[in-house]
Amino acid sequence: MPTRTSSARWEGDLKSGAGTVSTGSGTFQGSYSFPSRFESGQGTNPEELIAAAHAACYSMALSNGLAKAGFTPTSVETSAAVQFGPVEGGFAITRIDLTTRGDVPGIDAAEFEKQATDAKAGCPISKALAAVEITLDAQLV
């Protein structure tokens with residue numbers, strides 16, 4: 001398996017500095033800053049990028065699990081909300097809320113819920129973030 005890379009460059013101090021982040025594939029490059037991370041400023045932030053990675057990984061894991069169980073999903077759409085804020089000793093990611101909606105012909109709600117829960121446990125990004133509480137809201141559409 002290939003090794004995936006990304007990079008970031010920061011210039012200046014924490015509050016007045018700014019940076020750029022880019023993926024190794026070149027498909028994404030964005031700016032980030034103190035306001036984009038700790039306030040509501042323009043640009044991206046590490047938590048938003050983690051949310052995107054988690055949503056993408058989870059959608060793939062669920063689609064794979066559904067296919068292995070004999071169901072071909074028309075679509076799986078997932079969002080991830082990363083909760084970030086002050087904790088004792090600094091800042092931390094405190095919770096990630098996954099919300100997924102699946103259009104899966106021929107499956108009932110109970111089986112979809114089972115597959116969704118199994119995907120949460122098996123998703124490589126979920127595994128990497130296991131120190132954080134991860135919630136799941138899964139529904140058929």
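**Entry 1: the β1/β2 hairpin**

I started at the hairpin of β1 and β2, where six residues lie between the strands and G12 takes a positive phi near 95°. I took helices (H or I, at least four residues) and strands (E, at least two) as DSSP runs, numbered from the N terminus. This is a predicted model, so I noted its terms: local features need pLDDT of at least 70, side-chain atom pairs count only at pLDDT 80 or more, and totals for chains, interfaces and linings use all residues. Residues are numbered from 1 along each chain as its sequence is written, and side-chain values use heavy atoms, with hydrogens and water left out.

I then looked at the pairing. β1 and strand β2 (residues 18-23) run antiparallel and are joined by six bridges. Two strands pair if DSSP finds at least two bridges between them. E11 stands opposite A18 in β2.

How many of the six residues of β1 are buried? The count is zero, and strand β1 (residues 6-11) is hardly covered. Buried here means under 20% relative accessible area, exposed over 50%, and partly exposed in between (1.4 Å probe, protein chains only).

**Entry 2: the whole chain**

I listed four helices and six strands. From the N terminus on, the order is β-β-β-α-α-β-β-α-α-β. The C-alpha atoms fill a box of roughly 55 × 35 × 25 Å along the principal axes. Of the 141 residues, 30% are buried.

I also checked the contacts, meaning heavy atoms within 4.5 Å. Among those between residues at least 6 apart in sequence, 50% join residues at least 24 apart.

**Entry 3: the three-stranded sheet**

I traced an open sheet of three strands in the order β4-β5-β6, with mixed pairing. β4 (75-87) and β6 (133-140) are the edge strands, each pairing on one side only. On average, neighbouring strands of this sheet are turned by 15° against each other, direction ignored. For angles I used axes fitted as lines to C-alpha atoms, for helices over the stretch in contact; angles run from 0 to 180 degrees between N-to-C directions.

Strand β5 (residues 90-103) pairs with β6 in the parallel sense, over eight bridges. I looked up R95 and found its bridge partner in β6 to be E133.

Which helices did I find on the sheet? Helix α2 (residues 46-68) lies across β4, β5 and β6, at about 145° to β4. Helix α3 (residues 109-122) packs on the sheet and touches β5 and β6; its direction makes about 150° with that of β6.

**Entry 4: helix α2**

I followed α2 end to end. Its 23 residues reach 33 Å from first C-alpha to last, close to the 33 Å expected at 1.5 Å a residue. The expected span is 1.5 Å times one less than the number of residues.

At the start of α2, a side-chain oxygen of N45 reaches to within 3.2 Å of the backbone nitrogen of E47. Just after α2, G70 takes a positive phi of about 95°.

I listed the buried residues of α2: E47, A51, H54, A55, C57, Y58, S59, A61, L62 and L66. An α-helix has 3.6 residues a turn, so residues three or four places apart point the same way. The cover over the buried residues of α2 includes α1 (34-38), β4, β5, α3, α4 (124-128) and β6.

I moved to T78, in strand β4. Why does T78 count as buried? Because its relative accessible area is 14%.

I found two side-chain polar contacts at T78: one of 2.8 Å to S59 and one of 2.9 Å to T100. A polar contact is a pair of N or O atoms within 3.5 Å; within protein, one must be able to donate a hydrogen and the other to accept it, and residues adjacent in sequence count only if both atoms are side-chain atoms.

Leaving out residues up to four places away in sequence, T78 touches A55, Y58, S59, L98, T99 and T100. S59 sits in helix α2 and counts as buried at 14% relative accessibility. With the same exclusion, S59 touches V76, E77 and T78.

**Entry 5: C57**

C57 is buried, because its relative accessible area is 16%. C57 and T78 are 21 residues apart in sequence and 9.4 Å apart in space, C-alpha to C-alpha. Beyond four places in sequence, C57 touches C123, P124 and I125.
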